[in-house]
Amino acid sequence: MKTRITRRNAFSALFQIFCILVGLAIMFPLIYAFFISFMGAEQIFSITSGLIPERWTTENYVAAFATAPFLRFMFNSFFVSFISSLIRILTASLAAFAFAFLDFPGKKVLFYLVIATFLIPGDVTLAANYRTIAGLHLINKYSGIMAIYLVNGMNIFMIRQSFKTFSTEIRDASYVDGCSNFRFFWNILLPSNYQILITVFITSFMGVWNSYLWPLMVTNKTSMRTVQVGITMLNFADGNPYGPIMAASMVVIIPSFLIFLFFRKQIVAGMMAGGVKG
Amino acid sequence: MKKIFCILLVAMTAVLALFASGSKEGEDSGVVTIDVWHSMEGSNGQVMSSLIQKFNETKGKELGIVANDVFQGSDTAVKLKTCIQTNDIENMPDVCQIYNASLPVIDATNCAVDIDSMWGKGSASVEKTDLIDSGIYCYTYEGRLLSMPFNTSTILLYCNLDAFAEAGLSEADLPRTWDDVYEIGQKLIKLDEDGNVLRYGVNWQLARYELFDVMGVIGENGTAFADNNNGRDGLVSKVICRDEMLQVFKMWEKFSKVPGLLNDSGSDQSGNFASGLNAMALRSSAGIGAITQMTDANGMHWAAAKLPVFNVETDKGGAALGGASLAMFDRGDEAKKNAAWEFIMWMVSPEVQAEWAMATGYLPVNKKSLELDSYKEFVAASPAVSVALEQLMEALPSTQETVMNMQDEISGYIKTAATDVKNGTISAEEAVDRIIAESEQAFSTYNRANQ
């Protein structure tokens with residue numbers, strides 16, 4: 001008995017060490033980027049440079065912020081990501097409600113159409129989307145950047161899957177008590193499915209935050225650029241831009257990092273909740 | 001829950017308000033605004049921005065023109081192409097920095113303005129004959145000059161003279177042929193006791209840019225990669241240089257067999273040369289500035305040699321022109337078109353070209369820049385620049401990079417084949433045949449979609 005416990009403990013310890021090693025390996029680029037962002041230019045250059053800065057300096061951060069208006073870029077990115085993620089939750093949950101609870105002709109076809117949108121790569125629709133947005137005179141406007149992020153098939157699917165697991169007894173009981181469809185959706189269904197809503201919000205926020213090509217396409221003014229476009233301003237093949245680029249990347253990562261830190265339990269729980277019932 | 005509903009409602013209203021505010025910006029009366037798109041990053045981007053600023057404060061002020069500085073990054077070509085494809089004249093730039101790969105796209109739109117139709121207009125003082133011949137040749141497509149050469153560079157072999165001295169060599173021994181590079185490179189290799197490389201003989205990446213240059217010099221008239229005058233008389237369809245490409249790959253294969261001779265990494269070539277990791281490095285003259293700056297800091301001595309040839313007697317093509325140009329677009333507003341021309345003329349004027357070249361490391365496209373005292377002093381202080389200029393002037397104008405829109409794909413084929421040869425998995429012949437097959441396949445796919 002004792003040996004079994006010791007063996008189990010030993011196995012557990014080994015497994016944890018393994019997990020920590022894998023975690024470190026995955027984290028390594030980030031950790032290295034963090035150190036480079038505080039490293040002097042002379043060390044980034046030398047062949048024998050170590051991992052940890054010999055001279056801690058903030059000059060890379062100063063250089064990054066001096067080259068481009070990063071605070072403005074961050075505000076733009078935050079505004080676009082936050083608002084479009086909120087709207088995305090609303091559109092996705094309403095559509096998911098219809099797909100999960102209502103019966104209407106053509107429901108299956110519509111649902112398969114939503115699923116089919118997963119299969120279309122973003123690049124294919126780029127020119128068509130651009131034509132629409134330019135036609136609406138939305139170039140250089142927040143609404144132009146956000147327009148393509150407001151509805152997402154994957155989010156509809158995820159929320160629908162979560163709604164499908166909702167107890168039919170509660171739904172029937174609420175209908176019997178005279179609850180309207182919208183009231184049931186708003187007061188009962190959404191609060192009890194908050195985990196999946198948070199998951200959708202976070203994935204959507206990060207997705208929009210990290211997008212590069214579309215915000216570049218629909219903006220022509222420095223004041224309307226987002227952070228991902230801003231970072232490329234620091235890039236320079238013939239110079240030594242690694243310090244400032246890593247500094248800017250560190251700053252850009254902060255919002256995603258904070259969101260993940262605060263909501264990581266919900267993300268995992270939400271993934272489980274959405275993945276059970278087909 | 002009500003709270004969340006309120007937040008969502010406010011958010012929706014805010015967005016709707018944003019959608020609603022689709023009004024056009026008004027322009028001050030009498031001032032013409034033009035949009036200038038460019039892809040200059042880092043310190044070159046800062047120089048570009050300061051030049052645009054200077055234009056606005058001087059010539060622009062005088063003529064009532066304001067140029068908007070719009071950085072579009074490495075995806076400038078993608079963006080321009082999308083505007084052209086969707087015929088979005090409203091959001092098109094008035095002036096756009098383009099590489100020669102974009103010439104067919106520019107040619108396909110009727111918004112682009114032929115540079116030849118503009119000479120002599122406005123207050124311009126620059127004439128076509130002031131510009132370097134290879135620059136004009138580079139951006140001439142189907143007989144029309146579609147874009148104004150603006151920033152040019154040429155490829156050089158940078159040599160670490162401290163490493164040369166260690167091997168008993170001096171600046172007089174700078175290599176002229178690839179055989180010299182092979183011999184000298186071996187003397188410069190430094191290994192530790194375990195056989196790890198401390199210093200490579202030469203840093204030579206073999207991708208599209210390097211292959212076109214190394215191969216371009218071969219022969220009395222240079223060597224073109226593809227048909228249709230290397231893509232300048234129409235879309236390319238065939239690779240026409242099997243023998244010359246094989247010559248390059250045979251040399252590459254020979255280099256690959258000597259441990260420590262060849263470092264084929266393309267990342268941070270300036271930095272890895274300046275830090276002493278690579279004793280010689282084949283890279284663009286655009287690196288002169290950065291290398292000077294870094295070696296001033298660490299005290300390393302170096303010199304630039306011209307692009308090596310295979311046979312000094314017979315290889316007369318010279319190095320192809322690198323860099324980019326300024327294209328202009330007609331958006332249906334004559335005042336903007338004229339303003340764009342004034343801007344371009346100012347950008348290629350002798351003084352501005354000299355200033356641009358001194359600040360960035362590019363070479364001037366205006367021959368008159370070379371006669372300015374400030375630029376003469378600059379060249380005198382930087383021998384590498386004078387080597388680059390000499391090479392630029394010697395090259396046959398017809399020695400050029402191939403114009404092809406799928407150049408990144410082609411570069412990938414060349415690089416992969418070069419890596420395979422280096423690793424010994426395929427022979428030089430196999431590499432060349434594979435590149436030709438893959439490239440011609442890519443040409444035909446592109447041509448089918450873009451005829």
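The expected span of a helix is 1.5 Å times one less than its number of residues. This tour of a predicted model, in which local features need pLDDT of at least 70, side-chain atom pairs count only at pLDDT 80 or more, and totals for chains, interfaces and linings use all residues, applies that rule at its first stop. Residues are numbered from 1 along each chain as its sequence is written, while chains are lettered from A and ligands numbered from 1 in the order in which they are written.

**First stop: helix α17 of chain B**

Select residues 383-394 of chain B, which form helix α17. Helices (H or I, at least four residues) and strands (E, at least two) are DSSP runs, numbered from the N terminus. The 12 residues of α17(B) should span 16 Å at 1.5 Å a residue, and the 17 Å between the end C-alpha atoms agrees with this.

Next, colour the buried residues of α17(B): Ala384(B), Val385(B), Val387(B), Ala388(B), Gln391(B) and Leu392(B). A residue is buried if 20 or more other C-beta atoms lie within 10 Å of its own, exposed if 12 or fewer, and partly exposed in between, with C-beta atoms placed from the backbone. An α-helix has 3.6 residues a turn, so residues three or four places apart point the same way. On the face turned away from the buried side of α17(B) are the exposed residues Glu390(B) and Glu394(B).

Which elements of chain B do the buried residues of α17(B) pack against? Select β6 (148-153), β7 (155-160), α13 (288-298), β13 (302-306) and α16 (373-381) of chain B. Helix α13 of chain B also holds Asn298(B), which counts as exposed because it has 12 C-beta neighbours inside 10 Å.

**Second stop: the two domains of chain B**

Colour domain 1 (32-153 + 322-371) and domain 2 (155-319 + 398-450) of chain B separately; the bounds come from an automatic or database domain assignment. Their C-alpha centres lie 30 Å apart. The contact takes 16 residues from domain 1 of chain B and 17 residues from domain 2 of chain B, where two residues are in contact if their C-beta atoms, placed from the backbone, lie within 7 Å. On the side of domain 1 that touches domain 2, α5(B) gives the most, with 3 residues.

**Third stop: the nonpolar cores**

A nonpolar core is a set of buried Ala, Val, Leu, Ile, Met, Phe, Trp, Tyr and Cys residues joined through C-beta atoms within 7 Å. In the largest one, of 133 residues, select Leu156(B), Tyr158(B), Phe343(B) and Ile344(B), which touch the most other members. Helix α14 (residues 334-347) of chain B gives the most to this core, with 8 residues. Beyond its neighbours within four places in sequence, Ile344(B) is in contact with Val95(B), Met148(B), Leu326(B) and Met328(B). Apart from this core lies another, of 41 residues, including Ala100(A), Ile156(A), Val208(A) and Trp214(A).

**Last stop: chain A**

Chain A is divided into domain 1 (2-37) and domain 2 (69-228 + 252-275), with C-alpha centres 34 Å apart. Select Val114(A) in helix α5 (residues 107-116) of chain A. Is Val114(A) buried or exposed? Val114(A) counts as buried, with 21 C-beta neighbours inside 10 Å. Leaving aside neighbours within four places in sequence, Val114(A) is in contact with Gly153(A), Ile156(A) and Phe157(A).
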